Amino acid sequence: MPRLTFAVCVLTALTLFSTTAWAQRPDGPRRSGPRPEARTPIENVPLPKDEEEKKILDALQQSRQGPRYANVSEADGRLLRLLAETTGAKLVVEIGTSTGESGLWFALALRKTGGKLITHEIDPGRAAVATENFKKAGVEGLITIVQGDAHEKVKDVAGPIDILFLDADKSGYLDYLEKLVPILRPGGLIIAHNMVRPNPDPRFLEAITKNPDFETSFLLMEGSGVGVTMKKR
Ligand SMILES: C[S@@+](CC[C@H](N)C(=O)[O-])C[C@H]1O[C@@H](n2cnc3c(N)ncnc32)[C@H](O)[C@@H]1O
């Protein structure tokens, strides 16, 4: 192949890779930070509307440079914020705080809805990092971290819950559902993370898809997969 043709082929291949494979990753690169200019138009970046929002997004960005701990992706986090803000959520209950990234996405909404997040974490080290992240973002007043085994601790939650977010031990989702659905308000949402990867508990899937009291839709199936279930009115 003549040298010029070869060079053109290589350049074309590189361009295609950078504008498709890289840019179409649902979450962009994790360690090198976002490259907004390389994203496709539908993969827009979150744009802060004010200083408070910027502080939260900056804290998220910093946290995302560190160890991942299987925290939600940016795409999944933005969905959490959208659902909480559009439903005007006053009480979000999360199972699985980790280092607080999903909590920060919820906080973006809750500062506008006048709502609160109660989040549960069994690992004291992760709970401590989450506490720091919430302070850094200036949202510690919106969030209560409950440290301990959520299977026990959720008994202390007083409803009505607007959104229940399940993101801890996957085999425990059914137990959390059974314990908390009675205090989920009619019209409230159960958001379940990891409905594709790792393998979801079939008993939980059956519970949210075979019960006429619920309406469930599965979203973002190219990522970890998110199930959104409404408790019917
Ligand atoms: C996937 S991570 C949560 C990620 C977090 N929601 C985020 O996106 O930032 C799951 C977390 O659940 C916690 N966990 C597991 N079993 C738990 C239990 N029984 N009670 C409370 N937390 C638990 C783990 O320690 C871990 O930090």
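In the predicted model, the shell around the ligand draws at least two residues from each of α4, β2 (116-121) and α6 (150-153). This shell comprises 20 residues, of which Gly-96, Ser-98, Glu-101, Ser-102 and Ala-150 come nearest to the ligand, and by class it divides into six nonpolar, seven polar and seven charged residues.

Ser-98, one of the residues that come nearest to the ligand, is placed in the loop between β1 (91-95) and α4, where it adopts a positive phi of about 55° although it is not a glycine. Ser-98 counts as buried, because 25 C-beta neighbours lie inside 10 Å. A positive phi, near 60°, is also found for Ala-70, which belongs to the loop between α2 (51-65) and α3 (74-86); with 13 C-beta neighbours inside 10 Å, however, Ala-70 counts as partly exposed.

Helix α4 (residues 101-113) also packs against helix α5 (residues 124-137), their axes coming within 10 Å and crossing at roughly 30°, so that α4 is roughly parallel to α5. The crossing is right-handed, and the contact is formed by Gly-103, Leu-104 and Ala-107 of α4 together with Ala-130, Asn-133, Phe-134 and Ala-137 of α5. Five of these contact residues are nonpolar and two are polar, while none is charged.

Most peptide bonds are trans.

Terms used. Residues numbered from 1 in each chain as written. Predicted model: local features only at pLDDT ≥ 70, side-chain atom pairs only at ≥ 80, totals over all residues. Axes fitted to C-alpha atoms, helices over the stretch in contact; angles between N-to-C directions. Helix = DSSP H or I, 4+ residues; strand = E, 2+ residues; numbered from the N terminus. Parallel < 35°, antiparallel > 145°, perpendicular 65-115°, else oblique. Left-handed = near helix turned anticlockwise from the far one by under 90°. Contact = placed C-beta atoms within 7 Å. Nonpolar A, V, L, I, M, F, W, Y, C, P; charged D, E, K, R; others polar. Near = placed C-beta within 6 Å. Buried ≥ 20, exposed ≤ 12 C-beta atoms within 10 Å, placed from the backbone.
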